[in-house]
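This report goes through a protein model and covers its salt bridges, one of its helices and its nonpolar cores. The sequence and structure come first.

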Amino acid sequence: MRNLENHPGIKVGGQNINNLRYADDTVLIAEDKEDLQKLLNIVEEESRKKGLELNSKKTEVMVISRKQESPKCDIFVNEVKFKQREKFKYLETIMSNEQRNITRTAQAKINFQKMKTILTNKHISIKTRKRALQCYIEPVLMYGCEAWTISKQIQDKLKATEMWFLRRMLRIPWVAKKTNEKVLNEAKKRRSLVRTIPKRQATFLGHVRRERLEHLVTTGKLEGKRSRGRQREKVTDGLATWLGPGRVTETLTAVKDRDLWRDMIANAYKQGT
């Protein structure tokens, strides 16, 4: 992988990034298929020198583009063409060609059903069942939420999923026509998911405040021309609004002061903004 360092990838905050590695998962990144092919050729050649062989069945190609139809990207190794995918699961997150699919409601509901005999058991106190929900189900739902951009649509889906859990835990049928407020009161609970996510995002940003790769990809800017139309919201945009200043530059300045940053997070979470 050291032999890739001088080859072009994408520029974020002035730094070249052409690969991401986590355990035995490797992603190669380039702006066009010619550069991507060069990166893959280097990896394949160096692997062969070490007695390793690239698994063509487990290697796939994806193009992230704003175009309605994804451009073709034909990548080969030893005359074997890799399959181009519209989406795939990477580190338990569904990656799509538009990079929008981040919700995990379906997986959380599957896990809820696996624990249904416990979570819906009225012989167990609702307090204990809420703790079980918090320990075993909510982490599945919010896995990787530190990198989400929370749109109104995602907020509504999270709120609906939270109520889906509570209604089943309390065994409240839809025909009962109980409002969400009454269900929350009966469960002695307030909405927590949409409040917890920005807190976790702010905590994560404070954790990676130093100039490392995680900080760079969270706060850095991509080089090149901006695309036409409304720009996508960034994680830092949502945090700037949640924490109070409302400006990204002030937020990124505050994160360098650990004590100030902790106070800002605690105050914003307490106010429920």
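## Charged pairs

With a relative accessibility of 13%, Glu 44 counts as buried (under 20% relative accessible area, with exposed meaning over 50% and partly exposed in between, for a 1.4 Å probe and protein chains only). Its partner in a salt bridge is Arg 48, at 3.2 Å from N to O, where a salt bridge is a side-chain nitrogen of Lys or Arg within 4 Å of a carboxyl oxygen of Asp or Glu. Arg 48 counts as exposed because its relative accessibility is 52%. Both residues belong to helix α1 (residues 33–49) and lie four residues apart, about one turn of the helix.

A second salt bridge joins the side chains of Glu 60 and Arg 85, at 2.8 Å from N to O. This pair links distant parts of the chain, 25 residues apart, with Glu 60 in strand β5 (residues 60–61) and Arg 85 in the loop between β8 (83–84) and β9 (87–90). Glu 60 counts as partly exposed at 34% relative accessibility, and Arg 85 counts as partly exposed at 31%. The side chains of Lys 81 and Asp 74 also meet in a salt bridge (3.2 Å, N to O), and the count of salt bridges comes to eight.

## Basis and confidence

This is a predicted model, in which local features need pLDDT of at least 70 and side-chain atom pairs count only at pLDDT 80 or more, while totals for chains, interfaces and linings use all residues. Residues are numbered from 1 along each chain as its sequence is written, and side-chain values use heavy atoms, with hydrogens and water left out.

The protein chain averages a pLDDT of 86, and 94% of the residues score at least 70; pLDDT is the predictor's confidence in each residue, from 0 to 100. Confidence is lowest in strand β10 (residues 93–96), at a mean of 76, and highest in helix α3 (residues 116–119), at 96. Helices (H or I, at least four residues) and strands (E, at least two) are DSSP runs, numbered from the N terminus.

## Nonpolar cores

The largest nonpolar core has 26 residues, of which Phe 112, Leu 119, Leu 133, Ile 137, Leu 141, Phe 165 and Leu 166 touch the most other members. Such a core is a set of buried Ala, Val, Leu, Ile, Met, Phe, Trp, Tyr and Cys residues joined through side-chain atoms within 4.5 Å. The elements giving two or more residues to this core are α2 (105–114), α4, α5, α6 (180–187) and α7, and α5 gives the most, with seven residues.
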